[in-house]
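Welcome! Please take a moment with the sequence and the model before reading on.

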Amino acid sequence: MGSVDVFHTVRDLRAWREAQRQLGHSVGLVATMGALHAGHLQLVRAAAAACSAVVVSIFVNPAQFAPHEDLATYPRSLEQDIAQLSREHAPCVVFAPSVSEMYPRGITTTRALQQGSFVEVLGLSEMLEGGSRPHFFRGVATVVSKLFHIVQPHRAYFGQKDVQQCCVLRRMVVDLHFDLDMVVVPTVRDPADGLALSSRNVYLDREQRARAPAFYRGLCRARELFAAGTRGRDALIAAVREEAAKDALDIEYISLASPDDLREIDAVGSLGAVLSGAWRMGSTRLIDNILIGFEF
């Protein structure tokens, strides 16, 4: 098992980063909230294949949670995460800062009471997930911009499962002139039933876990219809909804959106589309998506 250096302060991480610069090393960033699973490890492998060194950040970001959400109970497993990374034998280090390190002025999940500097990507952030989680992408954009400034990566790696996050962050990279390449890695799924891997899957009981893959089966059915020539919104969304209904999923939304601005579309055109949605299994909220007619 290889050893993984762990840094808890910006000062120490920056000292390591300066040493990498002097060595001429390229640096990749994999930003996570911990509770690492095979999807995260795939991002690490992709980064390690292209970069001399990889920073894996592990930070449960309060700014992307609302007061009623699961910040307090979100899975935290730093020691196990470090052990997993050690077994990868990848040239990586861990940046695991405290909340006070990342938010020197403090942070509350009540947006109206927050103080300090924040980053918002207007437009894209209000689409899809932004409807039910208006705070979320402001928190994501803020913490990722901080990580970009701290780590100064040449490349940053994100998973397609969080497709709207990828779109928001790509826009931020362009608009704020971050000097890096953003790489989107395909969603990693359970090979048995296709459920997208997520840290929140641990919340599911056995019965919920058995029903949860119905949404992805619906996405696959819609992809088959598209391949056969179907382009209309109603038919593609109905395919997802019908499959999800077989396992009585509590659907929050199903979207067929333009990959350019995430606005809802009536039919898949030359730009392709993002077919996505969210559903609840008890108190657990899950998301998934497929790309139709385009790739990142």
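Predicted model: local features only at pLDDT ≥ 70, side-chain atom pairs only at ≥ 80, totals over all residues.

Residues are numbered from 1 along each chain as its sequence is written, and side-chain values use heavy atoms, with hydrogens and water left out.

**The nonpolar cores**

A nonpolar core is a set of buried Ala, Val, Leu, Ile, Met, Phe, Trp, Tyr and Cys residues joined through side-chain atoms within 4.5 Å; buried means under 20% relative accessible area, exposed over 50%, and partly exposed in between, with a 1.4 Å probe and protein chains only. The largest such core has 44 residues, and V55, F95, F148 and M172 have the most contacts inside it. Among the elements giving two or more residues to this core are α1 (10–23), β3 (53–58), α5 (136–151) and α6 (163–175). Helices (H or I, at least four residues) and strands (E, at least two) are DSSP runs, numbered from the N terminus. The top contributor is α5, with 10 residues.

Leaving aside residues up to four places away in sequence, V55 touches L13, W16, V27, G28, L29, V30, V93, F95 and V151; contact here means heavy atoms within 4.5 Å. Another core, of 28 residues, lies apart from the largest one and includes L204, A214, L225 and L256.

**Helix α3**

In helix α3 (residues 78–88), the buried residues are D81, I82, Q84, L85 and S86. Their cover includes β1 (6–7), α2 (38–50), β3 and β4. Just after α3 comes H89, with a positive phi of about 55°.

**A pocket and a cavity**

On a 1 Å grid over the protein atoms alone, a cavity is a set of points where a 1.4 Å probe fits but cannot get out, and a pocket is an open set with protein on both sides within 12 Å along at least five of seven lines; lining residues have an atom within 4 Å of a point. Grid points are joined across faces, edges and corners, and a volume is the space filled by probe spheres set on the points. The table compares the two linings by class: Ala, Val, Leu, Ile, Met, Phe, Trp, Tyr, Cys and Pro count as nonpolar, Asp, Glu, Lys and Arg as charged, and the others, Gly among them, as polar.

| Space | Volume | Lining by class |
|---|---|---|
| Second largest pocket | About 190 Å³ | 10 nonpolar, 2 polar and 2 charged residues |
| Largest cavity | About 50 Å³ | 5 nonpolar, 2 polar and 2 charged residues |

Of the 14 residues lining the pocket, I58, F59, V60, R76 and P97 are the closest to its centre. The structure holds 1 cavity of 30 Å³ or more. Strand β9 (residues 284–292) supplies the largest share of the lining of the largest cavity, 3 residues.

**A63 and the cysteines**

A63 sits in the loop between β3 and α3 and is buried, with a relative accessible area of 4%. Beyond residues up to four places away in sequence, A63 touches Y103, I107, Q114, H135 and G139.

A disulfide is a pair of cysteine sulfur atoms within 2.5 Å, and the count comes to 0 disulfides. For C167, the nearest cysteine sulfur, that of C166, is 6.9 Å away. C167 is buried, with a relative accessible area of 9%. The sulfur of C220 is too far for a bond because the closest cysteine sulfur, in C166, is 19 Å away.
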